[in-house]
Amino acid sequence: MQDLIETSVETATAVELAGVSKRYGDVLALDRADLTVRRGERVALLGPSGCGKSTLLALIAGLEEPDGGALAVGGATDARERLAQCALMPQRDLLLPWRSALDNACLALENQGLSRAEARRRAQPLFAELGLAEFERARPSELSGGMRQRVAFLRTLLAGKDVLLLDEPFGALDSLTRAALQGWLRDALDRERRTVLLVTHDVEEALLLADRVAVLSPRPGRVLAEVAVDLPPGTRRELVVSAPFLELREQILEALE
Amino acid sequence: MRWASHVRRAAPTLVLLAAVVGLWEVVVQAANTPAWLWPSPAAVARSLADDDGLLARNAWVTAREMLLGFALAAAVGMLLAALLHFSAAVRRAVYPILVASQTVPVVVLAPILVVAFGYGLLPKLAIVALVCFFPVVVGMSDGLRSADRQYRRLMLTLDAGALDLFRRVELPASLPALFSGLRIAAAYAAIGAVFGEWAGSGSGLGYVMQQAAPALATPRIFASVVLLTAMALALFGAVTLVERLAVPWSRDAAA
């Protein structure tokens, strides 16, 4: 019985950081960061540029090891096991120029041992569902910045991991495209319930996409405040001018000061 | 439309070439230089036409040496580059030797190889491959390391093993640099073949030149050089063409 409770608690927590620190040479990038993310939850990490947000994602993903503190993904602390549970969408889309959009999205499936034909067959429906149906065969150089980010997101999604780590996914886009993609990503994430950690420096983006916002301090990064986001359903345009949205926004901006 | 643009791009070269050949003809005619001393373009052209059988037969011998040697160098070079890429220890051991091997003058090496392998095709292949394989190894080796570190990290989170990373990222990323190496190698192939033939052979354009010199058949030497240049250019062009087909994305990036 005790065991059962233990396991259910364990599986309910997707990502757990306790006092995690990371230093690069003389620079302390992260200072005793604490964070708990439940399975299926979407958490935005919000903070100024260079506050160690990307470092945090690299640590969680198992690409790097913390210098202090404890870190677990799905109960596993080993870097290799963390890596097996996380998919990272980097700031730059990093699409491979020699692969079509569809084949870029298929990368993880092929790495997992599927034949290219089988991987394509599995990726195809998602392409259509998420509005990329006509772009399957396009080469990355033929796609706009917004389309490239969509393909990069699909690539992350198709890795089939429980935890999606999105590192400023729309940071390099113009504001109109970014607004459109925020709505798109909201729908896509609603469809695919996964645990999401989203790094951003855009307060609106954090509120639109996350259930909870963790506000980070300037370097060395610490979690300053956590704000639960509980907005009524609605389109992006309706939400951004609604009273609860503006109130949360105010709350976060205050924490950032 | 596409042909027109090709012609327009080649036009300056063709005009310059025509001007040089024209001037050469005029000067030789005016100075009344004997053909054995410095033949006019017309004399070279006459040799090309008169000696067509001899030249064609020997050009084919040289072309075969060039092609086979180049193919050998490409295969060995690519394999070696991949090996160096996968093992840091092998890289540290082999790379300095590789560089050192290039300081040995091929002119000196050629007679030794002839002694070892005889008058046949083999020593020529070895010499052509020897001069060609270095740019291939260096080009592909650099190319394999050219992929951004970010791609490595990305591939790791996408469940890639070392072999997946090699096949899907590093190898395609290495192609532009590899083809640069192959183009240089293509240009070297003709030199290698002629060196090999000079060191000892009974056929090939190098042999024709060697035989023509004491006979003062200078126009034939020039005709051989013309053919050799054409063959080297053709190989270079073929490599460029294959590159366009194999690496279509490199032109996207440039555009």
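In chain A, three strands line up as an open antiparallel sheet in the order S2-S1-S4. Strands here, like helices, are DSSP runs numbered from the N terminus, with at least two residues (E) for a strand and at least four (H or I) for a helix. Two strands count as paired if DSSP finds at least two bridges between them. The edges of this sheet are strand S2 (27-38) and strand S4 (68-73) of chain A, each of which pairs on one side only. From one strand to the next, the twist averages 20°; such angles run from 0 to 180 degrees between N-to-C directions, with axes fitted as lines to C-alpha atoms and, for helices, over the stretch in contact. Strand S1 (residues 13-24) of chain A and S4(A) run antiparallel to each other, joined over 5 bridges. Facing each other across strands are A:Ser21 and A:Gly68, the latter in S4(A).

A word on the source of all this: the model is predicted, so local features need pLDDT of at least 70 and side-chain atom pairs count only at pLDDT 80 or more, while totals for chains, interfaces and linings use all residues. Residues are numbered from 1 along each chain as its sequence is written, and chains are lettered from A and ligands numbered from 1 in the order in which they are written. The model scores ipTM 0.85 and pTM 0.85. For chain B, the mean pLDDT is 91, with 98% of its residues at 70 or more; pLDDT is the predictor's confidence in each residue, from 0 to 100.

Chain A has a second open sheet, made of 6 strands with mixed pairing in the order S5-S6-S7-S3-S8-S9.

Strand S6 (residues 163-167) of chain A pairs with S5(A) in the parallel sense over 4 bridges. Within that pairing, A:Ala87 stands opposite A:Leu164, and A:Cys86 has A:Val163 as its bridge partner. S6(A) also runs parallel to strand S7 (residues 195-200) of chain A, with 5 bridges joining the two. On that side, A:Leu164 sits opposite A:Val196 in S7(A). S6(A) is mostly covered, with 5 of its 5 residues buried. Buried means that 20 or more other C-beta atoms lie within 10 Å of a residue's own, exposed means 12 or fewer, and partly exposed is in between, with C-beta atoms placed from the backbone. One face of S6(A) carries A:Val163, A:Leu165 and A:Asp167, the other A:Leu164 and A:Leu166, and all are buried.

A:Ser242 counts as partly exposed because it has 14 C-beta neighbours inside 10 Å. Between A:Ser242 and A:Pro232, which are 10 residues apart in sequence, the C-alpha to C-alpha distance is 9.6 Å.

Taken as a whole, chain A holds 11 helices and 9 strands. Its C-alpha atoms fill a box of roughly 45 × 45 × 45 Å along the principal axes, and 42% of its 257 residues count as buried. Of the contacts in chain A between residues at least 6 apart in sequence, 69% join residues at least 24 apart.

Chain B, by contrast, comes to 11 helices and 0 strands. The box filled by its C-alpha atoms is roughly 75 × 55 × 25 Å along the principal axes. Of its 255 residues, 35% count as buried.

The two chains meet in a contact that takes 16 residues from chain B and 19 residues from chain A. On the chain B side, helix H7 (149-157), helix H8 (162-199) and helix H11 (249-254) each give two or more residues, and H7(B) supplies the largest share, 6 residues. That side divides into 9 nonpolar, 2 polar and 5 charged residues, where Ala, Val, Leu, Ile, Met, Phe, Trp, Tyr, Cys and Pro count as nonpolar, Asp, Glu, Lys and Arg as charged, and the others, Gly among them, as polar.

Methods: Two residues are in contact if their C-beta atoms, placed from the backbone, lie within 7 Å.
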